[in-house]
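The sequence and coordinates come first.

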Amino acid sequence: MNPTLSLRLATAAVASLLSVSAFAANDKAVVSAAFKSVFYLPVYFAEEHGYFKDEGLDVRIDVASSSTNALAAVISRSADFSLHGPEWTAISFGRGAPVKVVGGTLNRLGVWLTCKQDFKFDGFKSLKGATIATGAMPTTSSSAFLKLVKNAGLDPKRDLDLLEVPLGNEIGPLSSGKADCAVLYEPGASQAQAQGYKVVSAFSREIGPYTFSAISTRQDISPQVQQKFVSGIDRALKAIHKDPAAAVASGLKLFPNLDPAVVRASVQRLIDDGVFADSVAVPEQALKDALQTQIDLGNLDRIPQDTKWLDLQTAQQISSKTY
């Protein structure tokens with residue numbers, strides 16, 4: 001055989017093998033987000049900027065329409081990871097589901113108090129006698145609000161007029177003049193602000209560290225896949241804080257049908273108020289406070305005593321990385 005031809009064939013064979021090996025090196029994972037929400041921007045940001053692929057992981061993002069559906073997808077193996085409050089993982093683990101929390105994405109409470117422009121807010125004690133629109137209980141936003149009101153020395157039943165409405169409709173009573181203030185998630189707070197109302201309190205600053213959203217998966221997930229996914233999220237969280245303009249741009253792509261000014265304000269608020277975590281590490285007290293809130297709400301009976309429901313060592317190690 002012609003030596004030159006042999007060399008070419010050998011080179012082509014090696015190139016083909018390398019190509020196959022490179023393709024095989026990419027693991028695959030599906031992540032199920034509770035909702036398509038600005039709160040889950042980090043996973044979309046990671047996918048858009050190729051952070052998962054840099055780790056050797058191909059990721060598909062599904063939207064489940066609820067926290068329980070997102071985790072159910074993990075349990076049924078139609079997804080590998082889910083994004084939602086850690087309490088749902090604790091509840092399912094307590095019922096025998098082989099699930100665990102492996103990192104965090106939101107380590108402060110993403111709730112804001114928004115009031116009419118002429119309402120004089122000077123701390124929660126100044127709400128005495130006011131009419132407040134809140135999401136129908138049990139919900140985290142309303143529970144946190146009641147806690148802050150009680151901490152201010154007020155009796156919610158005696159000192160406030162609470163208007164409970166379906167979650168997501170809290171702006172309605174504000175717009176109709178039936179409420180002085182409303183307890184809102186994002187993008188509700190930014191939508192209210194765009195309509196001329198004022199944001200007077202960020203619960204992330206009032207309450208402090210609180211694991212609002214976490215990364216959950218199955219007990220038998222591949223450690224390699226777990227590390228790749230958590231690393232991609234960690235890099236996204238750090239990039240969001242380092243380059244807010246890029247985060248806003250990602251948000252605008254994710255929500256093309258929302259008012260761009262609302263999207264910009266919403267993403268920036270989540271950054272400025274510390275709702276997006278600095279890394280995937282989950283502070284112990286932040287997790288305890290979040291779970292205690294859910295116990296108070298009646299969503300969770302107790303914090304699981306079996307520590308298998310938490311696997312945070314990888315996240316803790318990754319959290320110190322710089323990119």
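The model is predicted. Its chain is divided into domain 1, made of residues 27-108 and 210-319, and domain 2, residues 112-206. Taken over C-alpha atoms, the centres of domain 1 and domain 2 are separated by 26 Å.

**The interface**

| Interface item | Value |
|---|---|
| Residues of domain 1 in contact with domain 2 | 18 residues |
| Residues of domain 2 in contact with domain 1 | 18 residues |
| Area buried between domain 1 and domain 2 | about 1500 Å² |
| Share of that area from carbon and sulfur atoms | 61% |
| Salt bridges across the interface | two salt bridges |
| Residue pairs in polar contact across the interface | 11 residue pairs |

Three residues of domain 1, Arg-269, Asp-273 and Leu-297, supply 37% of the area that domain 1 buries against domain 2, more than any other three residues. Arg-269 also forms a salt bridge with Glu-186, with the closest N and O atoms 2.6 Å apart.

At least two residues each come from β10 (209-218), α13 (260-272) and α14 (284-297). The largest share, six residues, is supplied by α13. By type, the residues on this side of domain 1 divide into 10 nonpolar, four polar and four charged.

The side chain of Ser-279 reaches the backbone nitrogen of Ala-281 at 3.3 Å. With neighbours within four places in sequence left aside, Ser-279 is in contact with Gly-104, Asn-107, Asp-234, Leu-237, Lys-238 and Ser-319.

**Helix α2**

Helix α2 spans residues 41-48 and is mostly covered, with six of its eight residues buried. Those buried residues are Leu-41, Pro-42, Val-43, Tyr-44, Phe-45 and Ala-46. Just after α2, Gly-50 takes a positive phi of about 75°.

Key: Residues numbered from 1 in each chain as written. Predicted model: local features only at pLDDT ≥ 70, side-chain atom pairs only at ≥ 80, totals over all residues. Heavy atoms only, no water. Domains from an automatic or database assignment. Contact = heavy atoms within 4.5 Å. Buried area = accessible area lost by both parts, 1.4 Å probe. Salt bridge = Lys/Arg side-chain N within 4 Å of Asp/Glu carboxyl O. Polar contact = N/O pair within 3.5 Å; in protein donor to acceptor, adjacent residues only side chain to side chain. Helix = DSSP H or I, 4+ residues; strand = E, 2+ residues; numbered from the N terminus. Nonpolar A, V, L, I, M, F, W, Y, C, P; charged D, E, K, R; others polar. Buried < 20%, exposed > 50% of the residue type's maximum accessible area, 1.4 Å probe, protein only.
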